[in-house]
Amino acid sequence: EELRQNEWKRWAERPTVRLEAFTDASLTGWCCMLMLDGKKHVRWGRIPQALAGAAIARLEMYALLELLEFAFRVLGLRNVVLHVGIDSTVVLGAWRKAYSGDEVMLEMLCRGREIAEEAQSEVSGFYVRSRENPADAYTRL
């Protein structure tokens, strides 16, 4: 009986608000876009010098990390499910497995998961084609 109550408590405490977001990166810029209260909240910038010339998967992971910092640390969101559209199957696979053989990506992945955990939130991803990704245009500014 106690086990059932604990299971119910864990289920009841799970995040219930679901938000949609998108990320993208190019060789020159990155963007994260969060849909909140019917508005687009956009954050974008240039690729940092430390990642200049990096493989595109690293840049895409950087954009995801920026989204998590923006959503959970800047906007202060808590206890939500963040469903992120990403056009990189490499990043989606790494996030789902919680692992990457690339040390730089793994470090960003671990930081992102820590940020989400601190915010008591869940992050899931889905594939979006580049041409259908609303964050894509901002990466080329």
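Let me start where helix 3 touches helix 4. In this predicted model, Val90, Val91, Ala94, Trp95 and Arg96 of helix 3 meet Met105, Leu109, Gly112 and Arg113 of helix 4. The two helices pack at an angle of about 55°, and their axes are 11 Å apart. Angles under 35 degrees would count as roughly parallel, and 65 to 115 as roughly perpendicular. Helix 3 and helix 4 are therefore oblique to each other. The crossing of helix 3 over helix 4 is right-handed.

Stay with helix 3 for a moment, residues 89–97. Which of its residues are buried? They are Val91, Leu92, Ala94 and Trp95. If you look down the axis of helix 3, these buried residues fall within an arc of 165°, so they line one face of the helix. An α-helix has 3.6 residues a turn, so residues three or four places apart point the same way. On the face of helix 3 turned away from the buried side you find the exposed residues Thr89, Arg96 and Lys97.

What do the buried residues of helix 3 pack against? The partners are helix 2, strand 4, helix 4 and strand 5. Helix 3 itself lies across strand 4 and strand 5, and it runs at about 145° to strand 5.

The axes of helix 2 and helix 4 come within 9 Å and cross at roughly 15°. That makes helix 2 roughly parallel to helix 4. This crossing is left-handed, whereas the one between helix 3 and helix 4 is right-handed. On the helix 2 side it includes Met61, Leu65, Leu68 and Phe72, and on the helix 4 side Met105, Met108, Leu109 and Ile115.

Ile115 sits in helix 4. Is Ile115 buried or exposed? The cut-off for buried is under 20% relative accessible area. Ile115 has 2%, so it is buried. Leaving aside neighbours within four places in sequence, Ile115 is in contact with Leu65, Leu68, Glu69, Phe72 and Arg73. Ile115 and Leu68 are 47 residues apart along the chain, yet their C-alpha atoms are separated by 6.7 Å.

Five strands form an open sheet in the order 3-2-1-4-5, with mixed pairing. Strand 3, residues 39–46, and strand 5, residues 122–127, stand at the edges with a single partner strand each, so one side of each has no neighbour in the sheet. On average, neighbouring strands are turned by 20° against each other, direction ignored. Helix 2, residues 56–74, packs on this sheet and touches strand 1, strand 2, strand 3, strand 4 and strand 5. The direction of helix 2 makes about 145° with that of strand 1.

As background, strands of a sheet pair through backbone hydrogen bonds, either parallel or antiparallel. Where is the parallel sense found here? Strand 1, residues 17–25, pairs that way with strand 4, residues 80–86, over six bridges. In that pair, Val17 has Val80 as its bridge partner.

Strand 1 and strand 2 pair in the antiparallel sense, over six bridges. They form a hairpin with three residues between them. Glu20 has Met35 of strand 2 as its bridge partner. Met35 also stands opposite Lys40 in strand 3. Strand 2 and strand 3 are antiparallel as well, over eight bridges. Their hairpin has two residues between the strands, and Asp37 in the turn has a positive phi of about 55°. Seven of the eight residues of strand 2 are buried, so strand 2 is largely enclosed by the rest of the structure.

Finally, the chain as a whole. It has four helices and five strands, and along the sequence they follow the pattern α-β-β-β-α-β-α-α-β. The chain has 141 residues, of which 45% count as buried. Of the contacts between residues at least 6 apart in sequence, 70% join residues at least 24 apart. The pair Ile115 and Leu68, 47 residues apart along the chain, is the example to look for in the structure.

Note on methods. Residues numbered from 1 in each chain as written. Predicted model: local features only at pLDDT ≥ 70, side-chain atom pairs only at ≥ 80, totals over all residues. Heavy atoms only, no water. Pairing = 2+ DSSP bridges. Axes fitted to C-alpha atoms, helices over the stretch in contact; angles between N-to-C directions. Contact = heavy atoms within 4.5 Å. Buried < 20%, exposed > 50% of the residue type's maximum accessible area, 1.4 Å probe, protein only. Arc of directions from axis to C-beta. Parallel < 35°, antiparallel > 145°, perpendicular 65-115°, else oblique. Left-handed = near helix turned anticlockwise from the far one by under 90°.
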